[in-house]
Structures are given as structure tokens and as C-alpha cells.
Amino acid sequence: MGTIDISYTSLAIGLLLLLIPLFYLWKFKTGLLWVTVIGIARMIVQLFFIGIYLKYLFLWNNPWINFLWVIIMIFVAAQTALARTQLKRKILFIPISIGFLFSVVCIGMYFIAIVLRLENVFSAQYFIPVFGIIMGNMLGVNVIGLNTYYAGLRREQQLYYFLLGNGATRNEAIAPFVRQALIKAFSPGIANMAVTGLVALPGTMIGQILGGSSPHVAIKYQIMIVVITVVASMLSLMMTIFLASRKSFDSYGRLLRVHKDTKRK
């Protein structure tokens with residue numbers, strides 16, 4: 001049996017469920033009501049726009065167009081990371097772009113070409129969703145990791161300089177802050193992995209089952225999706241921190257002002 005379509009009327013009825021969280025956001029004066037409403041509206045418009053675009057991507061199935069879509073995703077992800085971390089463009093843009101590009105291409109192509117063994121590795125049906133899932137996870141991990149890394153360096157500069165003063169190399173001196181970034185960025189994902197299948201069923205697996213795939217096939221895909229997202233996220237974060245750190249310190253190893261000036265005018 002194929003996927004049951006949801007009519008626009010049914011979709012509108014389903015969206016009424018959002019009145020419950022919106023009511024509590026309004027009742028307790030959280031200040032998040034209109035932010036949430038705008039976020040929901042943007043999500044709906046963007047998803048419908050992407051749906052139309054993906055329809056033609058699948059129809060054309062052109063490798064160059066598909067790869068151009070990945071480049072656009074990387075550009076948007078880099079801009080989003082800049083906005084969320086408040087790091088200067090010259091510090092973060094190139095490192096995160098390189099980290100994303102290298103990680104998504106290497107891990108994504110490994111999965112498509114070696115694990116799935118597709119004859120056409122640029123098939124839009126697999127290429128776009130797989131790369132999109134990887135990109136989404138990498139963005140969240142990098143934002144948390146970079147925020148933690150640079151916040152730690154600013155908060156505990158004495159520890160950093162103490163390690164340098166006692167003969168540590170710069171890479172050795174930043175190791176404690178990299179460790180904290182990894183712990184902060186990956187702890188939630190590791191906790192979720194431990195209860196996957198018992199407490200919660202992942203969205204990818206549910207989507208495949210609703211689409212008509214057997215649970216056995218859906219489970220194998222879900223396992224690999226978790227693997228490639230964790231590996232790509234780890235690889236991209238380490239590359240981004242390494243490349244960004246080369247621009248974050250002066251020749252004497254002192255931390256530069258890496259955050260944007262957020263002072264009120």
C-alpha cells in the first residue's frame with residue numbers, strides 16, 4: 001500500500017493542533033508567541049517552495065544541478081552558523097564551508113556509492129535527501145560546538161595561557177576546550193541513540209514505513225542514517241575548529257576578538 005495523501009483541508013485541520021502550544025506561550029507571557037507564529041509560517045512557505053523545487057530536481061535528475069543544490073545548502077548553512085554563533089565572517093565562513101563541503105561529499109558519496117551501490121550516484125532520489133539529512137545535522141552540531149569552544153576560551157583564558165606557559169603547543173592548549181565542545185555538541189545525540197527504538201521511533205524510519213517500505217528495510221536505512229550523520233557531524237566540527245583556530249590567534253598564541261561587536265548603538 002502506498003502513502004496516503006493528506007488533502008489541504010486535512011492539513012489545515014492538522015495545523016489546528018498548534019493552537020495548544022500557542023495558547024500556553026500566550027497565557028504565560030513568554031514573549032515567544034509571534035516568534036513561533038512567524039517561524040511556523042516561514043516553515044510552511046519554505047517547505048512548499050522546496051517541494052516544488054524538488055519536484056523539478058527529481059524530474060531533471062541532472063548531476064550538475066543536484067550538486068549546485070548542495071553548494072546552495074552549504075552557503076545557507078554557513079550564513080546560518082554565522083548568525084547563531086555571532087562569530088566574525090572572516091573567522092568562520094571559510095572554515096565551516098570547507099568543513100561542510102568535505103564532510104558531506106565524502107560521507108554522503110561513501111553511503112551512496114559504497115553502501116547503497118547505486119549505478120548513478122547522483123540520482124536525485126537519493127543524492128538530495130541523503131545530503132540534506134547530513135547537512136541539517138552538521139549545522140546543529142557545529143553551532144553548539146563552536147559556541148561552546150569559543151565561550152570556553154573566553155571564559156577560561158587563564159587556563160589556556162597557563163598551558164601555553166608550561167610548554168604546551170597551541171593544539172595541546174586548546175584541547176580542553178575542544179573536549180568540552182565535543183561533549184556539549186554530541187551528548188544529546190548519544191543519549192537519543194541509546195533509546196532509539198525503545199522510547200522513540202525515528203522520523204526517517206517512520207517516513208519509510210508510511211511510504212510503503214518494510215520495517216526491516218526501514219530499520220537498516222535508519223541505522224545508516226544515524227551513522228553517516230554522526231560521522232559527518234564529527235568530521236565537519238573538527239575541521240571547522242581546526243581551520244577557524246588558525247585565524248583565531250595571533251602569532252604569539254593570544255586569542256583575537258572573534259565575535260561580532262554586539263554593543264548597542
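A residue counts as partly exposed when its relative accessible area lies between the limits for buried, under 20%, and exposed, over 50%. This cut-off applies to R254, which counts as partly exposed because its relative accessibility is 44%. The structure is a predicted model. This briefing covers a pair of helices and then the salt bridges.

**Helices α2 and α3**

- Helix α2 spans residues 19–27, and helix α3 spans residues 33–60.
- The axes of α2 and α3 come within 9 Å of each other and cross at roughly 155°.
- Angles over 145 degrees count as roughly antiparallel, and α2 and α3 are therefore roughly antiparallel to each other.
- On the α2 side, the contact is made by L22, L25 and W26; on the α3 side, L33, T36 and V37 take part.
- The residues of this contact comprise 5 nonpolar, 1 polar and no charged.

**Salt bridges**

- The count of salt bridges, a side-chain nitrogen of Lys or Arg lying within 4 Å of a carboxyl oxygen of Asp or Glu, comes to 2.
- One of them joins the side chains of R155 and E156, with an N to O distance of 3.7 Å.
- D250 forms a salt bridge with R254, and their closest N and O atoms are 2.7 Å apart.

**Accessibility of salt-bridge residues**

- R155 counts as exposed because its relative accessibility is 60%.
- E156, the partner of R155, counts as partly exposed because its relative accessibility is 33%.
- R254, the partner of D250, counts as partly exposed at 44% relative accessibility.

Terms used:
Residues numbered from 1 in each chain as written. Predicted model: local features only at pLDDT ≥ 70, side-chain atom pairs only at ≥ 80, totals over all residues. Heavy atoms only, no water. Axes fitted to C-alpha atoms, helices over the stretch in contact; angles between N-to-C directions. Helix = DSSP H or I, 4+ residues; strand = E, 2+ residues; numbered from the N terminus. Parallel < 35°, antiparallel > 145°, perpendicular 65-115°, else oblique. Contact = heavy atoms within 4.5 Å. Nonpolar A, V, L, I, M, F, W, Y, C, P; charged D, E, K, R; others polar. Buried < 20%, exposed > 50% of the residue type's maximum accessible area, 1.4 Å probe, protein only.
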